Amino acid sequence: MTSKRTMTLNLSDLEMDVLETLATRKDISKTGVIRQALRLLQMIDVRAERGEKIYFENERTKDKAELMLL
Amino acid sequence: MTDQPQTMHIKKNTTGAIIAAEVHQSIQDTDLLDWQKTWQPEVNEVIQKLGSQGVPSKNWPQSFHWNWINKVRATEGLLGQETFSLRAEGQLQGLMHLDLTKSARHASQSGKPIVYVEYLETAPWNRAPPFRGPLFSGIGSVLTAIAINRSFEEEFKGRIGLHSLPQSEDFYRNTVKMTDLGNDLNYLNLRYFETTPEQAIAFAERK
């Protein structure tokens with residue numbers, strides 16, 4: 001985590017609104033949200049590549065829905 | 001955390017001296033070799049002894065089956081997974097694996113990102129009987145402080161979370177002073193602990 005590189009990110013108004021909402025809800029900066037998103041997307045991608053499936057479970061009803069990754 | 005090792009301090013119990021320890025981000029092959037050659041024989045010896053004495057397995061050291069080679073291999077290349085080793089006096093004294101992709105459960109922090117301590121283990125000679133230690137004290141505190149520090153660095157405000165083995169609950173509850181959120185039926189029924197930002201600051205500033 002020593003060297004860091006800078007990039008410019010062009011987002012639509014809606015994308016920026018979502019990013020700002022997430023930053024507020026997660027109590028981190030917009031850069032922090034992007035960094036978390038990268039970690040999660042990489043993890044999902046690696047596990048899906050291994051043939052694993054990803055589910056969302058409703059805690060109350062225990063209904064499960066598979067997250068389809070194309 | 002940088003690529004350079006961070007100098008922290010632990011106590012050498014035989015002399016009472018406070019000595020320097022180096023915390024390295026990412027567990028290297030040399031650490032894994034040391035784990036295999038120095039930790040494993042002592043752990044296996046204790047397990048064999050307890051087995052021959054008829055001690056029920058629920059009273060054995062609860063991390064005895066952890067395989068750090070498999071754990072480290074499974075994290076390689078993943079941005080959300082970090083590993084740490086702590087070395088002092090030329091020996092591997094502690095290991096830790098952190099997950100940066102999880103969220104807080106504490107009601108006041110719900111959904112906010114945390115540093116989750118997946119595994120934290122100290123060398124067998126740093127553990128109380130039936131092991132021969134502790135020869136050094138403070139390994140768990142130093143590694144917990146590193147986890148909290150990583151949480152601050154990632155803007156997570158010091159929030160960390162973990163599932164504790166029963167033998168370590170007292171440490172997390174009374175030394176780190178984390179909030180005990182009770183047994184987790186979805187995770188081996190282990191108790192789940194978290195720090196709020198205030199608890200993390202208090203631990204980081206402790207004397």
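**Group meeting: the A–B contact and some aromatic pairs**

Hi everyone, let me open with one residue: Phe64(B) is partly exposed, with a relative accessible area of 32%. On that scale, buried is under 20% relative accessible area, exposed is over 50%, and partly exposed lies in between, with a 1.4 Å probe and protein chains only.

Some housekeeping: this is a predicted model, where local features need pLDDT of at least 70 and side-chain atom pairs count only at pLDDT 80 or more, while totals for chains, interfaces and linings use all residues. Residues are numbered from 1 along each chain as its sequence is written, chains are lettered from A and ligands numbered from 1 in the order in which they are written, and side-chain values use heavy atoms, leaving out hydrogens and water.

Back to the rings. Over all chains, the structure holds 6 aromatic pairs; rings of Phe, Tyr and Trp (its six-membered ring) pair if their centres lie within 6.5 Å, and planes under 30 degrees apart count as stacked, over 60 as edge-to-face and the rest as tilted. Phe64(B) pairs with Trp60(B): the ring centres are 5.7 Å apart and the planes sit at 70°, so this one is edge-to-face. Trp60(B) itself is buried, at 17% relative accessible area.

Next, Tyr172(B) and Phe193(B) have ring centres 6.4 Å apart and planes at 40°, so that pair is tilted. Tyr172(B) lies in helix α4 (residues 169-175) of chain B and Phe193(B) in strand β9 (residues 191-194) of chain B, so the pair ties together parts that are 21 residues apart in sequence. Helices (H or I, at least four residues) and strands (E, at least two) are DSSP runs, numbered from the N terminus. Tyr172(B) counts as buried at 7% relative accessibility, and Phe193(B) counts as buried at 0%. Ring pairs also link Trp66(B), Trp68(B) and Tyr119(B) into a cluster.

Now, how many residues does each chain bring to the contact? Chain A gives 17 and chain B gives 20, with contact meaning heavy atoms within 4.5 Å. About 1,600 Å² is buried between chain A and chain B, with carbon and sulfur atoms giving 48%; that is the accessible area (1.4 Å probe) that two parts lose on being put together, summed over both.

Finally, there are 3 salt bridges between chain A and chain B, each a side-chain nitrogen of Lys or Arg within 4 Å of a carboxyl oxygen of Asp or Glu. One salt bridge joins the side chains of Arg39(A) and Glu154(B), at 2.7 Å from N to O.
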